[in-house]
Amino acid sequence: MEIDKEELLARLAGRPFRLIREAAGETGVEAYVIGGYVRDIFLNRPSKDIDVVAVGSGIELAKAVARKFGKRAVLSVFRNFGTAQVKADGMELEFVGARKESYSHDSRKPVVENGTLEDDQNRRDFTINALALCLNEARFGELVDPFGGLEDMENLTIRTPLDPDITFSDDPLRMMRAVRFATQLGFFIAPDTFDAIIRNRERIAIISKERIIDELNKIVLSPRPSVGFELLDKSGLLPLIFPELSALKGVETREGIGHKDNFAHTLMVLDRLAKTSDDLWLRWSALLHDIAKPATKRFDPRLGWTFHNHNFIGEKMIPGIFRKMKLPLNEKMKYVQKMVSLHMRPIALSDDEVTDSAIRRLLFDAGNDIDDLMKLCEADITSKNPDKVRRFLANFRLVREKLAQIEEKDRVRNFQPPVSGEEIMQVFGLAPCREVGAIKSSIKDAILDGVIPNEREAAWQYMLAKAEAMGLKPVNPAG
């Protein structure tokens with residue numbers, strides 16, 4: 001892989017690189033831009049994060065660069081790590097002194113010593129991330145590629161610079177990074193590198209859940225996330241980091257009747273959804289939508305394989321999965337729970353006559369997430385029968401049309417009953433009690449079932465009639 005010298009210099013023509021070149025000359029250090037930024041130049045990918053390695057003090061070089069940027073620059077120094085960061089002109093510049101590392105068996109935190117550029121490139125995870133471009137005046141733009149990283153990019157290959165067993169044993173997170181880069185870039189992991197991941201997979205146990213989920217989220221957000229999950233499965237990492245997803249694998253047959261491989265189905269749904277949405281949490285909803293199928297799988301001689309209530313059981317499993325994997329236990333988790341719980345509803349509607357009542361209830365339960373839910377459900381149609389797919393998608397179009405019509409007519413998305421619980425208590429002289437909840441719930445159901453319109457006067461009259469049937473008399477009819 002080659003890039004025109006003028007084009008390469010054009011990518012280094014920005015103010016940050018000019019100031020680094022000047023500062024390197026004044027401080028007398030060798031300076032190189034290294035790693036992902038260089039890789040992305042050759043892959044023609046946008047990148048704002050610039051890693052600079054100095055053969056000497058990275059902190060002193062960062063200070064000199066920050067002074068040249070002036071008051072707009074924000075300098076942060078991390079002496080314990082020997083690094084510094086400069087934020088300026090909308091970019092982040094990370095500075096570190098060239099170093100060599102050694103590891104103990106029970107930690108991915110290395111013992112660090114000052115080193116040469118060669119030492120620094122040796123410690124890099126992959127050949128494509130070990131490329132360096134000199135930023136000194138005399139050699140500005142000169143490429144240092146000791147491991148054939150350019151050739152590996154041309155061959156779409158992920159490979160470690162040194163012995164992969166040592167690379168992955170030293171820092172097992174690199175196994176996740178190998179899978180992530182292969183997924184993001186559409187590359188292949190070299191056979192000897194992949195075999196080393198298999199051999200070292202148990203080492204992932206020393207990596208924090210936070211680090212693992214960061215890589216997993218990047219895989220989920222990739223153009224074809226299935227690539228990453230298939231690699232995690234083949235390497236043996238998946239059951240170690242995500243056993244619930246791994247449990248979806250496999251097909252069981254009884255009396256000549258089998259069910260589909262729910263792992264393969266889940267990845268197909270995730271890939272299909274990735275074509276229509278780049279929302280991380282909607283993609284997680286696709287990944288988890290059938291997560292309870294192993295727990296709910298039953299064989300009925302009359303019906304075949306069933307997974308009754310897997311959506312509701314899945315909804316209950318999600319907090320435990322999120323907690324264990326260090327995913328957020330906030331509204332993001334609740335959103336995923338809602339998607340998993342409701343994902344069967346539009347599918348059931350599309351297979352039957354679509355009633356206004358069912359549409360109102362779906363709108364009410366899904367609220368502002370109804371469009372996301374429909375995307376998930378459309379992605380969930382993975383049948384190999386083209387006629388079945390066409391029929392379901394045609395019915396989904398009908399569901400979408402009905403959703404729009406009902407929403408415009410009845411305004412039930414996120415609605416609250418026109419009569420509040422406080423008003424019910426005031427009219428009938430009640431304290432908070434079961435009867436108040438029952439009246440309010442019956443008003444809501446009457447609106448959703450189309451018995452009365454979503455209007456205050458109709459709801460008020462319905463409240464009076466319902467209360468009378470319950471033996472309640474108003475003490476303050478006007479409210």
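A residue counts as buried when its relative accessible area is under 20%, as exposed when that value is over 50%, and as partly exposed in between. The legends below use these words for a predicted model.

**View 1. Strand 1 and its two partners.**
Strand 1 covers residues 30–34 and pairs with strand 2 in the antiparallel sense, over five bridges. In this pairing, Ile 34 stands opposite Asp 51 of strand 2. Strand 1 also pairs with strand 8 (residues 132–134), again in the antiparallel sense, and here there are three bridges. Tyr 32 stands opposite Cys 134 in strand 8. Four of the five residues of strand 1 are buried, so that the strand is mostly covered.

The strands form an open sheet in the order 3-4-5-2-1-8-9, and the pairing is mixed. Strand 3 (74–78) and strand 9 (143–144) are the edge strands, each of them pairing on one side only. Strand 2 and strand 5 (residues 91–97) run in the parallel sense and share six bridges. Val 86 has Leu 93 of strand 5 as its bridge partner.

**View 2. The ring pair of Phe 17 and Tyr 37.**
Six aromatic pairs are present in the structure. In the pair of Phe 17 and Tyr 37, the ring centres are 5.5 Å apart and the planes stand at 45 degrees, so the pair is tilted. Phe 17 belongs to helix 2 (residues 15–27) and Tyr 37 to helix 3 (residues 36–43), so the pair ties together parts that lie 20 residues apart in sequence. How buried are the two residues, in relative accessible area? Phe 17 has a value of 2% and is therefore buried. Tyr 37 has a value of 8%, and it too is buried because this is under 20%.

**View 3. A cluster of rings.**
Ring pairs also link Phe 242, Trp 281, Trp 284 and Phe 322 into a cluster. A pair of aromatic rings is described by the distance of the centres and the angle of the planes.

**View 4. Arginines over ring faces.**
Which residue lies over the face of Phe 140? The residue is Arg 21, at 4.7 Å from the ring centre. Over the face of Phe 181 lies Arg 180, at 4.4 Å from the ring centre.

Asn 44 is not a glycine, yet its phi is positive, near 55 degrees. Asn 44 sits in the loop between helix 3 and strand 2 (49–55). The relative accessible area of Asn 44 is 59%, which is over 50%, so the residue is exposed. Lys 326, also not a glycine, has a positive phi of about 65 degrees. Lys 326 sits in the loop between helix 17 and helix 18 (331–342). With a relative accessible area of 46%, Lys 326 falls between the two cut-offs and is therefore partly exposed.

**View 5. The second largest pocket.**
This pocket holds about 690 Å³ of space. Its lining is made of 24 residues, and those closest to the centre are Lys 260, His 265, Lys 293, Asp 380 and Lys 388. Helix 14 (262–274), helix 17 (310–325) and helix 22 (386–410) are the elements that give two or more residues to the lining. Sorted by class, the lining of the second largest pocket has eight nonpolar, nine polar and seven charged residues.

**View 6. Arg 361 and Leu 185.**
Arg 361 is part of helix 20 (residues 356–366). Its relative accessible area is 26%, so Arg 361 is partly exposed. How far apart are Arg 361 and Leu 185 in sequence and in space? They are 176 residues apart in sequence, and 43 Å apart in space from C-alpha to C-alpha.

Note on methods: Residues are numbered from 1 along each chain as its sequence is written. This is a predicted model: local features need pLDDT of at least 70, side-chain atom pairs count only at pLDDT 80 or more; totals for chains, interfaces and linings use all residues. Side-chain values use heavy atoms; hydrogens and water are left out. On a 1 Å grid over the protein atoms alone, a cavity is a set of points where a 1.4 Å probe fits but cannot get out, and a pocket is an open set with protein on both sides within 12 Å along at least five of seven lines; lining residues have an atom within 4 Å of a point. Grid points are joined across faces, edges and corners, and a volume is the space filled by probe spheres set on the points. Ala, Val, Leu, Ile, Met, Phe, Trp, Tyr, Cys and Pro count as nonpolar, Asp, Glu, Lys and Arg as charged, and the others, Gly among them, as polar. Rings of Phe, Tyr and Trp (its six-membered ring) pair if their centres lie within 6.5 Å; planes under 30 degrees apart count as stacked, over 60 as edge-to-face and the rest as tilted. Buried means under 20% relative accessible area, exposed over 50%, partly exposed in between (1.4 Å probe, protein chains only). A charge sits over a ring if NZ of Lys or CZ of Arg is within 6 Å of the ring centre and within 35 degrees of the ring normal. Two strands pair if DSSP finds at least two bridges between them.
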